[in-house]
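Biologist: Please take me through this model. I want each label set against its cut-off.

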Amino acid sequence: MSLTGKIIFWSALCAVLMGTFYEAATSPLLAWRQPVYIVAGFAGIAAMVFLLCQPLLIKGYVPDLPNAQARKIHRWFGGGLVLAIVLHVAGLWITSPPDVVDALLFRSPTPFSGWGVLAMWAVFAAACVAVLRRRVGPRLWRVLHMILVTIAVGGSVVHAMRIEGTMGMASKVVLCGLVLGALIKTLVDFRGWRVMPRRRS
């Protein structure tokens, strides 16, 4: 990647991430929210950021980042994604346990809850498949992992877009669009579920 390309990549990524968190942090809807609810909301935003970074890392799209290091960060970010989801759900549980129970049982009246729960279980399943990849077998775990990740991204995007919360519509559309675009680009480039080629760092 050329120097201009690197500058554009990092500038665009930083602008999207900073803009998303800034718009959420300055939302007037935070005025009457409890601190634990605010933390839960920002954990959800962080989860979307992790979903954006994961395909960029595993397919080698991050400039000047060796593949071995990118894969290592990908694994750490996977753990961060799981933790962010746990914090998101735990915070909502503290503020309103009945709503979380209804969501987990897919009986919530809010249209976005079911998509969020679907995405959550898909992320947890993808993480488990990744941990057990040596027992599952390389070809099978790659296919399962990518299918589960696709479900997780799709569910997360619908979940985020249907919520009228602290995330601004403009930043939400941009972030969700980039998450979907990064996933689609990765799926196309994998060509038969092949992993990122190893090269010397």
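Predicted model: local features only at pLDDT ≥ 70, side-chain atom pairs only at ≥ 80, totals over all residues.

Modeller: Residues are numbered from 1 along each chain as its sequence is written, and side-chain values use heavy atoms, leaving out hydrogens and water.

Biologist: Why is F106 called exposed?

Modeller: Buried means under 20% relative accessible area, exposed over 50%, and partly exposed in between (1.4 Å probe, protein chains only). F106 has 52% relative accessibility, so F106 counts as exposed. F106 is found in the loop between helix 4 (97-104) and helix 5. Helices here are DSSP runs (H or I, at least four residues), numbered from the N terminus.

Biologist: What makes up the nonpolar surface patch?

Modeller: L104, L105, F106, W115, L118, W121, I147 and I151 make a patch of about 750 Å². Patch residues have over 30% relative accessible area and no salt bridge, with nonpolar side chains (Val, Leu, Ile, Met, Phe, Trp, Tyr) joined within 5 Å. Areas come from the Shrake-Rupley method with a 1.4 Å probe. Helix 5 gives the most to this patch, three residues.

Biologist: What makes a set of residues a nonpolar core?

Modeller: The residues must be buried Ala, Val, Leu, Ile, Met, Phe, Trp, Tyr or Cys, joined through side-chain atoms within 4.5 Å. The largest such core has 36 residues, and M48, L52, L81, L175 and V179 have the most contacts inside it. Helix 2 supplies the largest share, ten residues. A second, separate core of five residues includes A126, V129, A130 and W141.

Biologist: Which residues does M48 touch?

Modeller: M48 touches S156, V157, L175, C176 and V179, not counting residues up to four places away in sequence. Contact means heavy atoms within 4.5 Å.

Biologist: How do you know that K6 and D64 form a salt bridge?

Modeller: The definition asks for a side-chain nitrogen of Lys or Arg within 4 Å of a carboxyl oxygen of Asp or Glu. For K6 and D64, the closest N and O atoms are 3.0 Å apart, so the pair qualifies. K6 lies in helix 1 and D64 in the loop between helix 2 and helix 3, so the bridge ties together parts 58 residues apart in sequence.

Biologist: How many salt bridges are found in the whole structure?

Modeller: The search finds three. D102 and R107 meet at 2.7 Å, N to O. D189 and K185 meet at 3.3 Å, N to O. The latter two are four residues apart in helix 8, so about one helical turn separates them.

Biologist: Why is K185 called partly exposed?

Modeller: K185 has a relative accessible area of 43%, so K185 counts as partly exposed.

Methods:
Patch = residues over 30% accessible without salt bridge, like charges linked within 9 Å, V, L, I, M, F, W, Y side chains within 5 Å.
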